[in-house]
Amino acid sequence: NISSVRSGYTMKASHAIAIGFLAWLLSACHHADQAGMHNPAQTRIDGVVQELHAGSVETVEVLQIPPNTEFLIRVTPETLEKAWIYKTAVRRIDSGRLDNLLAVLKRARVEQVATGSDIRSGIIFHASSNDRRLGAIYFDRTGRRGAVDNIPASFGENLFSHLKVALSMCE
């Protein structure tokens, strides 16, 4: 019977098309994930960039523990915020610093990692209104690992150094 052969062929073709589409969709999702589109740490950095661009950031705090200070336990972002040795606050960011900060953070490439690092420095962004916290970036001794808010992360080359320069801090 020709009509049953034809309908069987049509069903097989439609199944093949559906399977092909599903494979393409899964592949696209995999590539998007590899490209960092589903990276919470990078998303948080991008959020800080948007807040800076909108003029919502009034104060940037820089907290530091000297790299040679020894602890019995790993220093977490929470520990740094309670036990900092040095603290610098930059209020009312001028346009030059703002431009530099935006340029550095827009170039920043952050990857989420499985475990946290021994934190030694942190940069915390606060909003203009009601001192609302907008985000924080923490760094270990090397400046290459740390956290974004509380998400363990690794950073591209020299992010911490570039941020220090953008905020006109001495090394």
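Arg120 is buried, at 2% relative accessibility (buried means under 20% relative accessible area, exposed over 50%, partly exposed in between, with a 1.4 Å probe and protein chains only). Its side chain meets that of Asp118 in a salt bridge, 2.7 Å from N to O. A salt bridge here is a side-chain nitrogen of Lys or Arg within 4 Å of a carboxyl oxygen of Asp or Glu.

This is a predicted model: local features need pLDDT of at least 70, side-chain atom pairs count only at pLDDT 80 or more, and totals for chains, interfaces and linings use all residues. Residues are numbered from 1 along each chain as its sequence is written, and side-chain values use heavy atoms, leaving out hydrogens and water.

**Salt bridges**

- The structure holds six salt bridges.
- Asp118 also pairs with Arg141, at 3.2 Å from N to O.
- Arg141 sits in the loop between β5 (133-140) and β6, and Asp118 in the loop between β3 (110-112) and β4 (119-127), so the pair ties together parts 23 residues apart in sequence.
- Arg141 is partly exposed, at 42% relative accessibility.
- Asp118, Arg120 and Arg141 form a linked network of salt bridges.
- Arg44 bridges to Asp149, with the closest N and O atoms 3.1 Å apart.
- Asp149 is buried, with a relative accessible area of 17%, whereas Arg44 is partly exposed at 39%.

**Helix packing**

- The axes of α2 (residues 40-53) and α4 (residues 95-107) come within 10 Å and cross at roughly 155 degrees.
- The two helices are therefore roughly antiparallel (angles over 145 degrees).
- Residues in contact (heavy atoms within 4.5 Å) include Ile45 and Val48 in α2, and Leu98 and Leu101 in α4.

Key:
Axes are lines fitted to C-alpha atoms, for helices over the stretch in contact, and angles run from 0 to 180 degrees between N-to-C directions. Helices (H or I, at least four residues) and strands (E, at least two) are DSSP runs, numbered from the N terminus. Angles under 35 degrees count as roughly parallel, over 145 as roughly antiparallel, 65 to 115 as roughly perpendicular and the rest as oblique.
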